[in-house]
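Visitor: I'd like to learn how to read a few features of a structure. Could we take them one by one?

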Amino acid sequence: MKRFILFLLKPLSFLPAIIMMYIIFTFSAMPGEESSQLSYKVSYQIVTVGAKILDKDLSANGVDYYIDKIHVYVRKLAHMAVYFCLAVAISFPLYVYGLRGFPLLVVAGLICFGFACTDEYHQSLVEGRGPSKRDVAIDCVGAFFGITLVRIVCYTALLGSSDGKKKKHRKKKKH
């Protein structure tokens with residue numbers, strides 16, 4: 001019965017990845033103007049909070065100036081962030097199922113790359129949007145960092161647990 005339950009639950013471990021894909025797809029389905037307004041609002045929040053923290057009294061023109069300076073970077077960081085999350089959501093279950101090292105990087109990386117390409121194609125069908133090779137590259141950078149984080153965290157966690165087992169085994173040998 002336990003094996004049957006695990007057999008049913010294993011595919012659910014990819015549910016976070018599917019949710020991330022849905023989120024990315026939803027953002028990509030926004031018309032260009034709506035997407036730009038969303039990132040503008042985020043940029044506005046960053047500038048106003050930054051001004052408060054730095055105790056700067058910015059005029060409306062000053063706020064607009066800094067928003068214009070960071071707006072593109074906010075959009076590109078958003079690309080990296082969602083693909084970072086997607087890569088973590090894909091890599092972790094693959095790691096748990098035994099895909100490790102370079103093969104994990106290749107498989108999870110190809111999945112993220114493929115989704116980034118299809119996402120850019122999808123954007124080409126949306127009003128006011130278009131495909132961008134640069135965005136695919138930025139998405140892949142975010143995915144690479146996500147996969148790398150999973151590899152480091154999982155390796156460290158397994159290393160720590162295997163050290164504990166080795167120490168117990170050594171103590172038993174001495175007695």
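Visitor: Which residues of helix 5 are buried?

Guide: Buried means under 20% relative accessible area, exposed over 50%, and partly exposed in between (1.4 Å probe, protein chains only). In helix 5, the buried residues are Leu104, Ala108, Cys112, Phe115, Ala116, Asp119, Glu120, His122 and Gln123. This is a predicted model, where local features need pLDDT of at least 70 and side-chain atom pairs pLDDT 80 or more, while totals for chains, interfaces and linings use all residues. Residues are numbered from 1 along each chain as its sequence is written, and side-chain values use heavy atoms, leaving out hydrogens and water.

Visitor: How many aromatic pairs are there?

Guide: Rings of Phe, Tyr and Trp (its six-membered ring) pair if their centres lie within 6.5 Å; planes under 30 degrees apart are stacked, over 60 edge-to-face, the rest tilted. The structure has 4 such pairs. In one of them, phenylalanine 14 and tyrosine 97 have ring centres 6.0 Å apart and planes at 40 degrees, so this pair is tilted.

Visitor: Where do phenylalanine 14 and tyrosine 97 lie?

Guide: Helices are DSSP runs (H or I, at least four residues), numbered from the N terminus. Phenylalanine 14 is in the loop between helix 1 (2-9) and helix 2 (15-28), and tyrosine 97 in the loop between helix 4 (60-96) and helix 5 (101-124), 83 residues apart. Phenylalanine 14 is partly exposed at 24% relative accessibility, and tyrosine 97 is partly exposed at 36%.

Visitor: What kind of pair do phenylalanine 144 and phenylalanine 145 form?

Guide: Theirs is edge-to-face, with 5.8 Å centre to centre and 65 degrees between the planes.

Definitions and conventions. Helix = DSSP H or I, 4+ residues; strand = E, 2+ residues; numbered from the N terminus.
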